[in-house]
2 protein chains.
Amino acid sequence: MLSRLTTVQSETAINTTEAEVPKGTRGSQSLADRLFLTLRREIVEGHMAAGSKISEPELARRFDASRGSLREALMRLESLGLLERRVNVGARVVDLTERGLLELYDVREALEGMACRLAAQNRTEEDVVELRQMLARHEQQEELQAGTAYYQPEGDFDFHFRIVQASNNDLLIDTLCNRLYYRVRMYRYQLGMASPRAHRAFREHSHIIDAIESGDGELAEILMRRHIRASRSNIENKLSKQN
Amino acid sequence: MLSRLTTVQSETAINTTEAEVPKGTRGSQSLADRLFLTLRREIVEGHMAAGSKISEPELARRFDASRGSLREALMRLESLGLLERRVNVGARVVDLTERGLLELYDVREALEGMACRLAAQNRTEEDVVELRQMLARHEQQEELQAGTAYYQPEGDFDFHFRIVQASNNDLLIDTLCNRLYYRVRMYRYQLGMASPRAHRAFREHSHIIDAIESGDGELAEILMRRHIRASRSNIENKLSKQN
DNA sequence: CTGCTCAACATTGTCGACAATTTTTAGGTT
DNA sequence: AACCTAAAAATTGTCGACAATGTTGAGCAG
């Protein structure tokens, strides 16, 4: 409804090397779509350096596409907040700043808090089961890597992602999953912040699921907000020591 | 699909903004920019009916622009959530639904609540002064129209807008002011919901300013959330009676 | 050497034409 | 008449070329 690029993730190559898309199946995506997905990945993972300028002719040659199609992809990246464009000047990959990261946390606290409240109010059996399974997998991974103090950021990510889905609010889902989360991932990849909060985060996740299961929206929201704020404080400390 | 149809066809020219833009002096904007602004206005104010299909060739002719520039404007509108596009099919103006409206309120409650908290924490003398002046103007307007039970929606809008600006969080500001608020206005224009909550809203606004002035972020957030939720309940009642 | 002017270059914005796909229409069969 | 088929029309996606704007660098005056 709100966005069409929610779930499908075409990987790597631009050309549809993937086993012959049978004509007009619903998976049909335009060249600009594929360029968009590829470039988004490159920016998020840092293969295109943050703050670097983008040359339309060069990129177009590199992907063997016309400038028009490329420009369409660039505009979508701009609306995602991953690029900044100025008229008659060009596009740059967005800069990663300490302030931007902290701002991101505040917005997430507000939105994910609300998402968690709604998830508790509209919860289904399936939601709760999946969240518990997910938590179990994370515990397993954590045990395997016990002592390393290294926490799979993707695990934490999946957890938050799943809760947002359960909120059943399309606008909220779109705003978080199709907009903010790519910026979150960009910071995680490039500032490489593996959280040392592994055990603590795990317990917090567990309590959040409890609140959702019991349908206590108010508590679920409070716990989620506290969870995110703790993560923010953690990062803030790290950053202040770094300087 | 909520309907309250509007069928005006404005034929304003794009290029004749205001008297001779002297080269690249004032806010140089591209043709696509101007198309974007014009179309956004037409959609928000309902001159392009919600849910109606958009013909690229027709619009391009109407504004005497090429399809390329028009398409750029359409894509920006899509990322604003005012249009929906499907590959090889085309674009439609987004539908106004009861569900969409309520979703909007929940997201606003979360974001504006946070904005209000931050505004209280980062408040400046100027912020407080301007908010009080604004409130005074609204009171005056309200007295003039006393008894009519008609409340200037723009007044309420300005108030919320100003508080968001005071949050000093660019991501939050962008998300609310450049994204969500256009959808809010679209619903206001087209469902024509003049709030009968004039006096009550006024008092609530006043208390919110008090909390901001005293730097009590927690209270400011609570009051703003309650304010928005009350507005939501009000609408929800209206809608349920209508059906 | 510093700072300015202006011309040559590179990049972005805009356009019209062609290709790919969808939608509509016409026609025939049961 | 209803229904499937296929051609025709219309619409969207993609491209290369040209115009408008910004950037760079050489030459010159102070």
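The questions and answers below concern the domains and the chain interface of a predicted model.

Me: What are the bounds of domain 2 of chain A in the domain assignment?
Reply: The assignment gives chain A a domain 1 and a domain 2. Domain 1 covers 18-93. Domain 2 covers 98-242.

Me: What area is buried between domain 1 and domain 2 of chain A?
Reply: In chain A, 11 residues of domain 1 are in contact with 8 residues of domain 2. Carbon and sulfur atoms give 58% of the area buried between these domains. That area is about 870 Å².

Me: Which three residues supply 50% of the area that domain 1 of chain A buries against domain 2 of chain A?
Reply: The residues asked for supply more of this area than any other three. They are Arg40(A), Val44(A) and Leu80(A).

Me: How many residue pairs are in polar contact between domain 1 and domain 2 of chain A?
Reply: The salt bridge count between domain 1 and domain 2 of chain A is 0. By class, the side of domain 1 that touches domain 2 has 6 nonpolar, 3 polar and 2 charged residues. With both residues at pLDDT 80 or more, the pairs in polar contact number 3.

Me: Why is Arg179(A) classed as buried?
Reply: Arg179(A) lies in helix α7 (residues 170-191) of chain A. Buried means under 20% relative accessible area. Arg179(A) is therefore classed as buried, since its relative accessible area is 8%.

Me: How far apart in space are Arg179(A) and Leu80(A), C-alpha to C-alpha?
Reply: Arg179(A) touches Leu80(A), and also residues including Ser79(A), Asp174(B) and Arg179(B). In sequence, Arg179(A) and Leu80(A) are 99 residues apart. In space, C-alpha to C-alpha, they are 5.5 Å apart.

Me: What area is buried between chain A and chain B?
Reply: Here 36 residues of chain A are in contact with 35 residues of chain B. Carbon and sulfur atoms give 52% of the area buried between the two chains. The area is about 3100 Å².

Me: How many salt bridges are found across the interface of chain A and chain B?
Reply: The side chains of Arg71(B) and Glu72(A) meet in a salt bridge, at 3.6 Å from N to O. The side of chain A that touches chain B divides into 13 nonpolar, 6 polar and 17 charged residues. Across the interface of chain A and chain B, the salt bridges number 10.

Me: Which element gives the most to the side of chain A that touches chain B?
Reply: The elements of chain A that give two or more residues to this side are α3 (67-79), α4 (98-121), α7 and α9 (217-242). The one that gives the most supplies 11 residues, and it is α4(A).

Technical notes. Residues numbered from 1 in each chain as written. Chains lettered and ligands numbered in written order. Predicted model: local features only at pLDDT ≥ 70, side-chain atom pairs only at ≥ 80, totals over all residues. Heavy atoms only, no water. Domains from an automatic or database assignment. Contact = heavy atoms within 4.5 Å. Buried area = accessible area lost by both parts, 1.4 Å probe. Salt bridge = Lys/Arg side-chain N within 4 Å of Asp/Glu carboxyl O. Polar contact = N/O pair within 3.5 Å; in protein donor to acceptor, adjacent residues only side chain to side chain. Nonpolar A, V, L, I, M, F, W, Y, C, P; charged D, E, K, R; others polar. Helix = DSSP H or I, 4+ residues; strand = E, 2+ residues; numbered from the N terminus. Buried < 20%, exposed > 50% of the residue type's maximum accessible area, 1.4 Å probe, protein only. Lists of a residue's contacts leave out its neighbours within four places in sequence.
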